[in-house]
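I opened this notebook to record what I looked up in the structure. The entries follow in the order of my reading.

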Amino acid sequence: EEVTEEVTEEVTEEVTEEVTEEVIEEVTEEVTEEVIEEVTEEVTEEVTSVSMTTVRDITEDYTIVGPTDSLLCKEDEFICPERCISTSWRCDGDIDCLNGEDEENCGNSCKENQCRVSSEDPFLEMGQKLIAKNKETTLVVEKTGRFVLYCENKKVIWESGTGGASVVSGLIIQANGNMVLYDDDNEVLWESGSGSANTQSSYHTLVVEDDNTLVLFNSWGVSIWETDTAGLCGYIILE
């Protein structure tokens with residue numbers, strides 16, 4: 001009897017341990033699989049949601065192609081290397097193609113408070129004005145030769161110091177981003193000093209801002225030159 005009891009206890013313990021280990025392994029595997037499935041489903045749903053939002057936002061305005069196949073673009077779309085965009089976005093001052101192809105070879109144009117320049121031809125002619133959107137500040141190359149920024153009340157807040165000089169044509173932005181005024185002998189009367197030998201900007205934009213400053217941006221929207229005139233016309237800058 002004693003031997004039988006001992007053997008029975010040992011066998012029972014061994015069986016119990018084996019069963020317990022098997023049950024634990026099975027439960028662990030099931031729980032792990034369930035957790036992995038739940039996490040995978042949640043991540044998949046989130047990624048899908050983000051992807052759908054991105055695709056929806058993009059496809060509302062232009063056709064996605066990649067790499068671009070011109071046959072997929074509509075007649076009223078411009079072909080970027082990575083997608084098609086509306087032709088109305090071509091030369092509008094905003095980069096819509098990944099590498100800015102939609103803003104290349106656009107020529108020079110001035111309207112309202114800014115000029116967008118992609119060649120070294122004079123872009124701001126003598127007497128031509130740029131006026132800030134809030135009407136507080138005006139930029140002009142005067143016929144007297146002065147390149148000047150002034151307020152509504154005609155208060156001058158910045159000028160080139162070239163009054164009385166014989167300026168030819170008007171303001172020019174060189175390919176490297178330097179703004180220049182030339183005289184009759186093609187000598188430099190004034191320059192901004194904003195040129196860079198390493199620039200690869202496809203165009204530059206000169207803007208009369210509402211805070212009374214004059215700012216020159218490269219094609220990536222980075223300021224490379226500006227006047228220190230913020231608030232000089234009485235404009236209140238809100239923080």
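I took helices (H or I, at least four residues) and strands (E, at least two) as DSSP runs, numbered from the N terminus. The model is predicted, so I noted that local features need pLDDT of at least 70, that side-chain atom pairs count only at pLDDT 80 or more, and that totals for chains, interfaces and linings use all residues. Residues are numbered from 1 along each chain as its sequence is written, and side-chain values use heavy atoms, with hydrogens and water left out.

Entry on S219. I located S219 in the loop between β14 (214–218) and β15 (223–226). Is S219 buried or exposed? I found S219 buried, with a relative accessible area of 6%; buried means under 20% relative accessible area (1.4 Å probe, protein chains only). Leaving aside residues up to four places away in sequence, S219 touches I95, S201, S202 and Y203, where contact means heavy atoms within 4.5 Å.

Entry on E136. I placed E136 in the loop between β6 (129–131) and β7 (137–141). E136 is buried yet has no salt bridge (a side-chain nitrogen of Lys or Arg within 4 Å of a carboxyl oxygen of Asp or Glu). The nearest side chain of opposite charge is K155, 10 Å away; Lys and Arg count as positive and Asp and Glu as negative, while His and the chain ends are not counted.

Entry on the whole chain. I counted 1 helix and 15 strands in the protein chain. Buried residues make up 31% of its 239 residues. Among contacts between residues at least 6 apart in sequence, 30% join residues at least 24 apart.

Definitions and conventions
Buried means under 20% relative accessible area, exposed over 50%, partly exposed in between (1.4 Å probe, protein chains only).
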